[in-house]
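Colleague: I'd like to learn how to read the packing in a model like this one. Can you walk me through it?

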Number of protein chains: 2
Amino acid sequence: MAREAPQRVWQSTLIGLDWGTTSLRGWLFDEQGRVLERREAPLGVLAVTDGQFAEAFERFCASWLEARPDLPVIASGMIGSRQGWREAPYLPTPAALDTLAGALVSLDDLAGRRFRVVPGLVTRAAGGWPDVLRGEETQVFGLLATEAAASERLFVLPGTHSKWVLCQAGTVTSFRTCMTGELYSILRQHSILGRLAVEPTEADTPEQWSAFDAGVDRGVAAPASIGHLLFTVRSEALLGERAPEQLPAYLSGLLIGAEIADMLQALPTPMPCVIASPGLASRYQRALGRCRVPSQLAEDEPSRHGLFALAHQSGLIE
Amino acid sequence: MAREAPQRVWQSTLIGLDWGTTSLRGWLFDEQGRVLERREAPLGVLAVTDGQFAEAFERFCASWLEARPDLPVIASGMIGSRQGWREAPYLPTPAALDTLAGALVSLDDLAGRRFRVVPGLVTRAAGGWPDVLRGEETQVFGLLATEAAASERLFVLPGTHSKWVLCQAGTVTSFRTCMTGELYSILRQHSILGRLAVEPTEADTPEQWSAFDAGVDRGVAAPASIGHLLFTVRSEALLGERAPEQLPAYLSGLLIGAEIADMLQALPTPMPCVIASPGLASRYQRALGRCRVPSQLAEDEPSRHGLFALAHQSGLIE
């Protein structure tokens, strides 16, 4: 195995980076887009100090660059934000793969290396306010690249800031953010609700799923009451009506339920396709199921397909 | 003045304490309920360590007790919670002044002194979940004690956890909590929204009120979308569409708007009476006005009237 690796690296044509807020993932592609190597490190944008992105990049990709110093690179995610290496301004919707490919931003800090940064997207709600995403566009185009063009697709990307992305005929037409993950996290860590909750020693027990379901049902039924419903985490705990170990699941259900109710009301809903880690995906698929909305699960790491498709479409690789 | 004080203290008949999470306020009453002295200290329940409530009480009231060691005491607020001095279990609604007065809990730790703790209230929403309050019951009965019995009253008590309390003919019939203040605080301090916001150097500028109004209008129009609307604080800042100094007011408007829309939908709405500090009251009254709901402002410190009324009704004083 160790002796084969150098030979495989010689087949490489592209480095793809998903460079987010907290982590950096990289793929070494051959010319058909197959993954020769994959790596990951806690080198997210927030972990890189004093703007030393070039150093972080060269350390992360050292062995790949040693074999092929002229490899082109394409990077998506927060690396293209104002706090990142080079700002790649948000591109307005509707946006197709070729629009995005034509808007890649060149980083010329690295002598002799072609390095492209993928822009985020901006859309405008009917109410007039803007919404933005960065990184998710590459995941969505990665999935669109691997399937037959469907007339309408709805991608659900839960996380710190959940993104629901609507596509028509291969084009991102609009999207909508909900701050579910961050609300959950700050409520758990910093609010009075967190002080009552106990992290369960065993995950995914029937009792926890039952508490999650109760939260989902209430959040779905009254999303406008979420500021009130959140307080039921406290009131039910104070009155001994819900065990401390079940409060995290109940809180999660309330927030996810309210998110889903709002999204289903605000967006057209072809069958949602959930893009998430297995744990998070199972919560969203279960919650969607309670709303009688069947959903699909996307394959893991769609961003690598998106990075390769964008590199190809932009002419960065043949 | 200094020579008169001891004489006035001799007229005292009751000590009333509003003993909350962060602060302790006390009043020395004469037998007509007039305030002889008032004091306040940052001696809230969370600031008292190792359960040394007796020491905190004796220090706070030292000069009052020196003159009249046998003065009876009545205390409301978090001092009656599980984390306080003595738990006074929540009393179910509907609750009238005499029900509450009959449910005061005696603290017998203090040799020879009559010390009563006011219970909180518990109500149950149509959806089946409980809601609780503690301390606000005394403010509400304080206001009810100073006015002619009205058929229906709605009291709005904004704060960390806003309480909207509905009364009929002098009885608290139901109430509803919204976690607005705590959400604002943790979003400002711990979320990605807070990092973009700048505390304005000058308060209450027209620009800030305009940002507040924009938030209110959006929150009122789409309370079910609050998890989405919160993200507009970020997206509008990123796109330069709202100045960093206006983000705190806009965020406040979004949360208060969503709260008001939910409450007006969930509760009957006789003219709301707002009980709050002037700064907070002006925000709520302005936001209610944008919903074309006229409101009244309660007089300051209604809890002192409530404490005196409860002490009287319970027979703690003649």
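Predicted model: local features only at pLDDT ≥ 70, side-chain atom pairs only at ≥ 80, totals over all residues.

Colleague: Which residues have the most contacts inside the largest nonpolar core?

Modeller: A nonpolar core is a set of buried nonpolar residues joined through side-chain atoms within 4.5 Å. Here the largest one has 92 residues, and A:Leu230 and B:Leu230 have the most contacts inside it. Another core, of 33 residues, lies apart from it, with A:Phe29, A:Leu121, A:Val140 and A:Ile317 among its members.

Colleague: How many helices and strands does chain A have?

Modeller: Chain A comes to twelve helices and 15 strands. As for contacts between residues at least 6 apart in sequence, 62% of those in chain A join residues at least 24 apart.

Colleague: What does the radius of gyration say about chain A?

Modeller: You hold it against the value for a compact globule. With 318 residues that would be near 20 Å, so the 21 Å of chain A agrees. Its C-alpha atoms fill a box of roughly 65 × 40 × 35 Å along the principal axes.

Colleague: And how much of chain A counts as buried?

Modeller: Buried means under 20% relative accessible area, and 59% of the 318 residues of chain A count as that. The chain exposes about 13000 Å², with carbon and sulfur atoms supplying 50% of it.

Colleague: What about charges on chain A?

Modeller: Chain A has 28 positive and 36 negative side chains, and the centres of the two sets are 1 Å apart.

Key: Residues numbered from 1 in each chain as written. Chains lettered and ligands numbered in written order. Heavy atoms only, no water. Buried < 20%, exposed > 50% of the residue type's maximum accessible area, 1.4 Å probe, protein only. Helix = DSSP H or I, 4+ residues; strand = E, 2+ residues; numbered from the N terminus. Rg over C-alpha atoms; globule rule 2.2 N^0.38 Å. Contact = heavy atoms within 4.5 Å. Areas by Shrake-Rupley, 256 points an atom, 1.4 Å probe, with all protein chains shown as cover. Lys, Arg positive; Asp, Glu negative; His and termini not counted. Charge placed at Lys NZ, Arg CZ, Asp CG, Glu CD.
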